[in-house]
Amino acid sequence: MTFVISPGCCRDASCVSVCPVQCIRPRPGDPEFETAEQLYIDPDVCIDCGACVEECPVDAIHPGHDLPAELAGYLDVNAGYFSDLPGYDRVPVRRPRPRLDDAPEELRVAVVGTGPAACYAITELATMRGTRVSVFERQPAPFGLVRSGVAPDHPHTRLIGDRFGPVLARPNVDCFFGVDVGADITVDELLEHHHAVVVATGAQEDRRLGVPGEDLPGAFGANAFVGWYNGRPEHAADRMDFSGERAVVIGNGNVALDIARILVRDRETLARTDIADHALEALRRSTIREVVIAGRRGPDSVACSAGELGELARLQDVDLTVTCSREELEHLESTSHTGDTPRRRANLVLEAARRPQRPGAKRIDFRFLSVPVAIEGTDRVEGITFAEQRIDRSSGSPLLVETGRRETLPASVVVKAIGYSSRPPAGVPVDPAKGVIPNRAGRVIEDGEPLAGLYCAGWAKRGPSGVIGSNKVCSEETVAGLLEDFTAGRLAKPVKTRADLDALVRARVPGVLGAAGWQRIDAAERDAGRAAGRPRVKFVSVEEMLSVARGR
């Protein structure tokens with residue numbers, strides 16, 4: 001028997017390190033690791049020990065003989081990956097960790113943020129002897145996109161938060177929740193109290209389309225829209241108008257597919273998730289029957305994963321369709337797609353294009369070669385206008401060319417899911433063109449030189465790419481550089497104490513929460529969820545969270 005990795009893979013590679021026969025690929029350091037959609041198990045080598053199952057933080061590994069019906073094809077998917085990988089090294093990768101036992105002083109590090117990258121960095125640091133970690137989070141609740149970015153109908157992905165929780169409660173970790181670094185306390189002040197600061201604040205800003213009408217009511221960035229249905233406090237009061245029959249999502253990456261799926265998914269299914277109550281009620285009243293997912297490029301360049309695309313295809317009472325020229329679909333069918341994932345994506349697009357529509361079914365329609373040129377409306381969104389493109393392959397190098405044709409689709413909601421950029425705390429440089437903190441392997445640089453004691457990790461470091469587990473390797477690289485600088489004596493010794501830091505924060509933020517405050521919020525949400533038959537019922541206001549955290 002073999003085990004099988006499914007599309008829920010978070011790709012943090014925890015399974016790789018425990019596999020005794022090293023049959024899981026790709027591994028960190030492999031050329032394709034950064035771009036792989038998931039990890040795979042070689043069925044010809046797997047010895048059925050189950051170590052990977054115990055280690056997987058998101059329950060994405062299953063026995064091959066007992067795969068859920070919707071994952072039945074993934075035994076072949078895992079095996080297919082190795083058919084393109086005829087030989088590979090099975091020597092375990094050993095990652096030596098430096099020891100700080102002989103360090104002249106305790107290493108003190110501040111980590112800004114509590115999303116996946118931050119939590120992986122905290123784990124890497126706090127599990128070493130001789131370290132002290134201070135954690136700063138703007139919200140009363142930690143975990144960033146694990147809590148407020150993962151789609152509510154993907155509960156297994158959220159399980160990784162259970163792995164992070166105990167780390168924040170370690171005795172050598174001090175948590176300061178509800179503190180806005182850059183406003184309540186500066187980065188320079190953090191450096192006075194620590195040897196180093198790791199900025200892992202993610203990418204919070206939606207990229208703009210730059211077209212007329214994108215600021216009309218009813219036009220949202222993906223960050224705001226996802227924050228709304230996940231109960232992020234700053235978006236809980238946003239108003240969504242689902243009174244029309246069509247919504248349009250710009251972009252066809254995984255976030256765009258999450259949004260489309262939530263808009264048409266069966267409401268009773270959503271009612272069993274931890275979706276915010278206000279979002280569930282708004283969706284119950286929705287009259288949206290069609291969601292258009294629009295992309296600038298052709299069907300061979302769809303940006304989502306095959307797993308996410310396959311999930312859309314399996315939705316009950318929802319048709320998945322494709323609007324594209326016959327010429328492009330024929331080209332997609334005739335093109336040789338290298339690698340298993342591109343082949344599966346192409347096949348799913350072609351199947352959707354051929355599938356007949358069912359009377360009365362809701363619809364998700366992929367539109368390709370469509371460039372948004374204006375969001376229409378007077379007082380709010382009423383539609384969106386696209387310029388049509390075609391692909392000119394006559395020169396051998398495909399070129400996107402406008403055809404001159406335009407089409408306006410009526411719509412009551414437009415969501416822009418075209419990427420994010422970082423907004424780090426004041427005092428931390430940012431590359432406005434790339435939307436990231438300029439860095440070398442996590443060491444923050446300015447004018448080409450490293451800024452002593454300042455580091456970054458996650459999306460703030462490399463841009464919004466990869467999945468949750470991608471941040472593990474990213475954060476390990478950053479922490480390795482930090483430890484190298486500390487042991488080499490390149491970090492300035494803190495001039496103020498932990499007691500000084502605690503007094504400073506509490507003077508400026510009297511309501512600051514520690515790990516115990518978050519644990520009370522977490523317990524209350526889970527208790528409310530059990531009573532309602534849901535994983536949790538979220539508090540969506542800061543005031544509610546603070547009241548519960550203080551036992552009121």
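Visitor: Leaving aside neighbours within four places in sequence, which residues are in contact with Thr321?
Guide: In this predicted model, Thr321 belongs to strand 13, which covers residues 318–323. Once its neighbours within four places in sequence are left aside, the residues in contact with Thr321 are Ala352, Gln357, Arg363, Ile364, Asp365 and Phe366.

Visitor: Is Thr321 buried or exposed?
Guide: The relative accessible area of Thr321 is 6%, and the cut-off for a buried residue is under 20%. Thr321 therefore counts as buried.

Visitor: Which residues have the most contacts inside the largest nonpolar core?
Guide: The largest nonpolar core has 67 residues, and its largest share, eight residues, comes from helix 4, residues 116–126. Apart from this core lies another, of 54 residues, which includes Val264, Ala271, Leu309 and Val413. Within the largest core, the residues with the most contacts are Ile24, Leu39, Ile41 and Ile122.

Visitor: Which residues does Ile24 touch, not counting those up to four places away in sequence?
Guide: Ile24 is one of the residues with the most contacts inside the largest nonpolar core. Not counting residues up to four places away in sequence, Ile24 touches Ile5, Cys15, Val16, Cys19, Leu39, Tyr40, Ile41 and Cys52.

Visitor: Are helix 4 and helix 17 parallel or oblique to each other?
Guide: The axes of helix 4 and helix 17, the latter made of residues 470–487, come within 8 Å and cross at roughly 45°, and the crossing is right-handed. Angles under 35 degrees would count as roughly parallel. Helix 4 and helix 17 are therefore oblique.

Visitor: How do the residues of the contact of helix 4 with helix 17 divide into nonpolar, polar and charged?
Guide: Helix 4 makes this contact through Pro116, Ala117, Tyr120, Ala121, Glu124 and Leu125, while helix 17 contributes Asn471, Lys472, Ser475, Glu476, Val479 and Leu483. By class, the residues of this contact are seven nonpolar, two polar and three charged.

Visitor: At what angle do helix 10 and helix 13 pack?
Guide: Helix 10 (residues 254–264) and helix 13 (residues 306–313) have their axes 10 Å apart, and helix 10 passes helix 13 in a left-handed crossing. Helix 10 is roughly parallel to helix 13, as the angle between them is about 15°.

Visitor: How many charged residues does the contact of helix 10 with helix 13 have?
Guide: In this contact, Asn254, Leu257, Asp258 and Arg261 of helix 10 meet Glu308, Leu309, Glu311 and Leu312 of helix 13. Three nonpolar residues and one polar residue take part, and the number of charged residues is four.

Visitor: Is the peptide bond from Arg25 to Pro26 cis or trans?
Guide: Most peptide bonds are trans. Pro26 lies in the loop between strand 2 (24–25) and strand 3 (40–41). With omega near -5°, the peptide bond from Arg25 to Pro26 is cis.

Visitor: What is the relative accessibility of Gln22?
Guide: Gln22, in the loop between helix 1 (14–18) and strand 2, has a positive phi of about 50° although it is not a glycine. Most residues other than glycine have a negative phi. Gln22 counts as buried, because its relative accessibility is 3%.

Visitor: What is the relative accessible area of Asp59?
Guide: Asp59 sits in the loop between helix 2 (51–55) and strand 4 (61–63), and its phi is positive, near 55°. Asp59 counts as partly exposed, with a relative accessible area of 42%.

Methods:
Residues numbered from 1 in each chain as written. Predicted model: local features only at pLDDT ≥ 70, side-chain atom pairs only at ≥ 80, totals over all residues. Heavy atoms only, no water. Core = buried A, V, L, I, M, F, W, Y, C linked by side-chain atoms within 4.5 Å. Buried < 20%, exposed > 50% of the residue type's maximum accessible area, 1.4 Å probe, protein only. Helix = DSSP H or I, 4+ residues; strand = E, 2+ residues; numbered from the N terminus. Contact = heavy atoms within 4.5 Å. Axes fitted to C-alpha atoms, helices over the stretch in contact; angles between N-to-C directions. Parallel < 35°, antiparallel > 145°, perpendicular 65-115°, else oblique. Left-handed = near helix turned anticlockwise from the far one by under 90°. Nonpolar A, V, L, I, M, F, W, Y, C, P; charged D, E, K, R; others polar.
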